[in-house]
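Please look over the structure below with its chain contacts in mind. The report that follows takes the interfaces in turn and then a single chain.

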Amino acid sequence: MKKLNTFKLPFLLIASVMLLVGCTEPHILERISLATLIGYDLTGEDELTTTAVMRQINPDLESKTLIQSTTSSTSKGGRKKIELATSKEITTGQLRVVLFGEELAKYGLDYRLRTIMMSSEISNAIYLAMVEGDLKSFLESDYKDIPNLGQHIFQLIEHNIEQQNAVSSTVHEISRDDFSRVASYALPILKKEKDDIKISGIALFHKGKIVGTLSAKDAFYIQMVRDNSDNGTMELNLPITTLGDHSLSSSKYLSVALDSIRSKRRITVVDQTLPEFNLTIHLDCRLYEIISNVNIDEAEIIQKLEKEINKKLESEIKRVIQYSQEVNSDIFRFGEYYEAQVRNANMDVEKWSEMYPEMKVNVTVKAKILRDGVFQ
Amino acid sequence: MFFRKKRNKASLKKTLEQSPPPSQNEIDAEQSQPSTSKSHKDDITTKDLSKGPANNSTARKDDPETISSSTEIFVKDIKKRIHSPADLVIRYVSDTITILYIDNLIKEDILNEKILPNLQNMNEETPMRIQKLLPLPRVTVFDRMNEVIETMLTGAVIIHVAGHNLTTLVIIPAREARSLTSPENESQVIGSQVGFNESLSTNVSLIRRYILNPNLVNEKIKVGKQTNTSLALLYIDGVASEQNINTVRQRLNSLDVRDIIDSAEIAELIDDSSLSLFPQILLTERPDRFCDDLLSGKVGILVDGSSMGILCPYTFIEFFQSREDKNLRWPIATFVRLLRFLAIFISAFFTPLYVATLTFHYEVIPQPLLIPLSESRAKVPFPPILEALFLELIIELLREAGARLPTKIGQTIGIVGGIVLGTAAVDAGITSNILIIIVALCALSAFTTPNYMMGNTVRVLRFPIIILAGFWGYYGIMFAFCMLLIHLLRQSSLGAPYMSPFYPLRLKSLADSIVRLPYPFIIRKSPNARVEDPELSTMQASLKDQKKVKE
Amino acid sequence: MKKALQVNPTQMFNAPLLLFIICAAQIGVGVHGFQSFIYEHAKKDAWISIIISFLAAHIIVFIIFKILQLYDSNDIYGINLDLFGKYFGNFVNLALITYCGLAYFVIIKNYREVINTWVFPDLSPAFITAILLIIVIYAFTGGLRVIIGICFFSFFLSLFIPIILLFPIEYSRINYLLPILDSDFISILKGAYYMTFTIVGFEIIGTLYPFVKEKKKAQKYVHFALFLTLMFYLFIMFITSTFFSGEQLERTIWATLSLLSIIRLPFLERVEIITICFWMIIILPNLCLYAWSAYRGFIRIIDITEKKFILIFSLLIFIAAFPLQTRIQIEKFNNFFGSVAFYLIFVYPLFLYFIALIKKKMFRKKGGKG
């Protein structure tokens, strides 16, 4: 026992000295303001406007959001300036969304992305989005029904990505496409509409700069080409002649709503030089709504319907791909398929930028209506 | 056995031959007398009178005084030796015969009915003749003063015959003992409801009632220079390993202490590492658990005057098992066991995790939790570490107050203190209500440990971890965790690894200690008992017979 | 030949435990960011590099066992002394001890860097180092039994890591692995070379061998352990390669941690912060085993007690830790250590085996004549 004591004494001594030396700065939850949303925009030449939406907790047991904005050339500098105007330390560990203004998107997002990637404090899973119009006024306007702007926008984006109404835009995915020499990324566009915020479209980027936009409706087509989906919903306007003359309504289209869509896509390179791709999408779905009084019991009618859906989808997808080719933004990652299937492709940014607009895609959609509702 | 740690503590002060295990008959004879307990060497001394005290370190060897043949000198001697206490009774039965005893230490009715009439009717008395004539089982003759006194103090009547250098002692001790009650600290719902009391003989008889087996060995050892406390070393021959028995015997014999009052002291003294926070030896007040462990190959010690039995070797995991597990159906018992393991972690790490997360790692809190957490903390003026320590302190104070006060008042204090202090603390904005839930949960978890000693350890463990968490967040918690793990790995119980059956891995025992296996698969032997006889190591045999009957 | 090393039978351990020891020794700080180094060279075929490096490790283990079996019960230090004589043998031993010290140092430095970057930017590096040293001192003084116990628990406690690594599969794109064998063979070998830093740890068998109870079974378990770690690293490499796109992975310093940061559990976010702190128990076996291995060699040169040795050793490491502070320095040091490890672990045993065989033949001839 004596032996133990002689050994433990220096041991304890070191431990207690360490206790004095190793102090670190705490971030006590209620004594910091948590930035939940940060927006970057460009004003003037090189001035960066940083707007932060922060949650602060005050002793009256209510959390309030605070919006501060400032201009400087780096984002950390912006943060430092905002700090001058807040009573608590600003932390970004709970950051959920980063928004970019339209001006900045035109100028280029590369540096901002790199800053976000470099920070170990910021998670890889936060969402990025673009704002239509001026960012500062977008954030600083008074939304009556939205108590917590940061959280609201986060949930808005998150649930729409889950429902496949918007393209997924986590920092990780965006930077992955950014660094992959052969792909471009797309961001959802947010827009203020009266007292509400909505996702109004999809911004297509090329080399970090915005080159074009698509409407929010097209998100599902993009998702279908990009990934296998397992829970999508869509509405299609088929030609009125699809089901023969049975239609009595006076509308120009036969509207069909499909849900529980499971799609599987396959992309293969057919011709390496052109390049030419075959895109096949298998689609299982449920017929949810049809604005027609046709009895959809018969197999023939279902087949007709499926055929028209295929046609319609093919044309829509072709349209979207064509648009992306026009603006030269490979948001579908055809380049990656090319690299994966062509040995020694040795792709680089320039080469693929040249090839992409020339690319040919043969789209085939094979839709299958598995079931409809409980009433025929 | 995979690594044998060197035993450096149980240094061999005495060799084994000096305390030979007494034969079986002798012990059983002792047991037949219901209330005798302290008779350690009467039989030996009658056989070998010339030999001095052999087996007791407390006997003073420097005292060669022989017994005086003169009555007056003898009485004087006795009085001088024991400082003429007020309760010493001296009675001159006849011209030559004198009897001396201490009042209330012997059975008065036996003295009156059996001894006195016989002595009065006697003629030509010599101590040897008295020994033969008295119709009592435990009558001995001594020729040494110190032996006489020692025996008298355990409850004997001295019969001195003038003109002889010898005295006869009739051992008829009257011991007051509490009646058997249910164990308060280790209560269980299903199973026997009897606990040990403070009398060694009653406790041994309780064990004999559970294990009617001639192989149950009961050895006597005396410890304590001042108190001369008797211990009973119990084990089942053939089941308990020879090595373990020897280790325990050596450690007990080499104990060099002045006084022992309770078995807990012995347990700490013969522990492998007395400095450790963790008990390595079990204390139980349940005879059924005691017997169960004896049957599984452990060595037990009972101490006179203590209602707690000692069992060793024990492993860490066995402290979290209860005897009741075997009485419940196996899936339920398994569930309860897993719950207890979970409770260790909750108890030790939940509050520290709260402190660390709120002080340093706010990033890990998911958004839905963020608002309730921060709002409950909003009014609290202290950093989480102080808040947590403050609440933990309240809980500890309540527990300690409840334990010290009489049961009824204790309960009231617990309820009133808990509710009033808790509500008031939240209202006053000193603590957050989420922390109150966490602290209460931790306290509750610590109390699920079936063993009181281990429960204390589990509870106290939390405090250093909270402090580490408050200074260095998860890094501090990990530091504590690593140190704890290493500490547990360093421990041993009777030289056997403490973390067995996890490490060294013994798959069969491991399954039996995490899951309460159904009876056909139960392994009787405990992980470190090293039972040699394979037949004794399972419970299988009895069940197989039953199945045959059914068919 | 020299007489066999005397090992107290109570210090011996069962052969199956080698499985946990070797696994725990191999998995360490390397896991945090080994992917980018390999990817830099082998690109999409990084996983082939890993397999090649493990094949090499299997061969080396085979040879180490061949050497050890030439001697009845002796460790690598004793064999060096026997083959090269007292002076040169001790010199070689000193090199091996220095290697152990370097490995120990590299582990501490890298872990410290991760903690400073991800969890506590302003926690004093000296403090982080000191905490680790204290834990190792406490474990080390418990003896080999405790060290092996830590290996054992470390192995089982870290089993949750492959499970949480399943979450990022949601984001994986198989295209990043195709086409197979796109890189040329030289690049793949280069990638395998850069695995050295991550793969080392199995060489500990050279010191542990005399302590194994069933010596015949030992080799089987070591190979099996190597196979398990191969599976672990391959699994991580597959997940990482499909999760990151090319240049992104090359630029990510700690790919595994970035990978974890995307996980969002209902009760927990930012799993990587907890994982980093938890990593302490994963590097602990490495530290203990290297310190122990250094000790086994050191007592051949100077007779010293365990406690004195570990205190001096820790003090040296603590002082040596001060000059290296920046990331670039640490990375340079890692590369330096990688090359040292390559020559000592992958080249030296081949040489040693050769010498041992020659010596044995000569010895036999002499013996025949005499």
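How many salt bridges are there between chain B and chain C? The count is 0. The model is predicted.

## Chain B against chain C

The helix that gives the largest share of chain B's side is H16 of chain B, residues 452-490.

In total, 32 residues of chain B are in contact with 44 residues of chain C. The buried area between the two chains is about 3500 Å². Carbon and sulfur atoms give 77% of that area. Polar contacts do occur: the rule finds 9 residue pairs across the interface of chain B and chain C, with both residues at pLDDT 80 or more.

## Chain A against chain C

Chain A also touches chain C, with 39 residues from chain A and 37 residues from chain C in the contact. The area buried here is about 3300 Å². Carbon and sulfur atoms give 52% of it.

Charged pairs are present at this interface. The count between chain A and chain C is 5 salt bridges. One of them joins the side chains of Arg96(A) and Glu269(C), at 3.0 Å from N to O. Polar contacts across the interface of chain A and chain C number 22 residue pairs, again with both residues at pLDDT 80 or more.

Several helices of chain A build its side of the contact. Helix H1 (2-21), helix H4 (110-118), helix H6 (149-162), helix H7 (171-179) and helix H10 (334-341) each supply at least two residues. The residues on this side of chain A divide into 16 nonpolar, 11 polar and 12 charged.

## Chain C by itself

Chain C takes part in both interfaces described above. It holds 17 helices and 2 strands. Its C-alpha trace spans about 75 × 45 × 35 Å along the principal axes.

What radius of gyration does chain C have, and what would a compact globule have? Chain C has 21 Å. For 370 residues, a compact globule would have a value near 21 Å, so the two agree.

Buried residues make up 64% of the 370 residues in chain C. Among contacts in chain C with a separation of 6 or more, 85% come from residues 24 or more positions apart.

Conventions:
Residues are numbered from 1 along each chain as its sequence is written. Chains are lettered from A and ligands numbered from 1 in the order in which they are written. This is a predicted model: local features need pLDDT of at least 70, side-chain atom pairs count only at pLDDT 80 or more; totals for chains, interfaces and linings use all residues. Side-chain values use heavy atoms; hydrogens and water are left out. Contact means heavy atoms within 4.5 Å. Buried area is the accessible area (1.4 Å probe) that two parts lose on being put together, summed over both. A salt bridge is a side-chain nitrogen of Lys or Arg within 4 Å of a carboxyl oxygen of Asp or Glu. A polar contact is a pair of N or O atoms within 3.5 Å; within protein, one must be able to donate a hydrogen and the other to accept it, and residues adjacent in sequence count only if both atoms are side-chain atoms. Helices (H or I, at least four residues) and strands (E, at least two) are DSSP runs, numbered from the N terminus. Ala, Val, Leu, Ile, Met, Phe, Trp, Tyr, Cys and Pro count as nonpolar, Asp, Glu, Lys and Arg as charged, and the others, Gly among them, as polar. The radius of gyration is taken over C-alpha atoms; the globule rule is 2.2 Å times the number of residues to the power 0.38. Buried means under 20% relative accessible area, exposed over 50%, partly exposed in between (1.4 Å probe, protein chains only).
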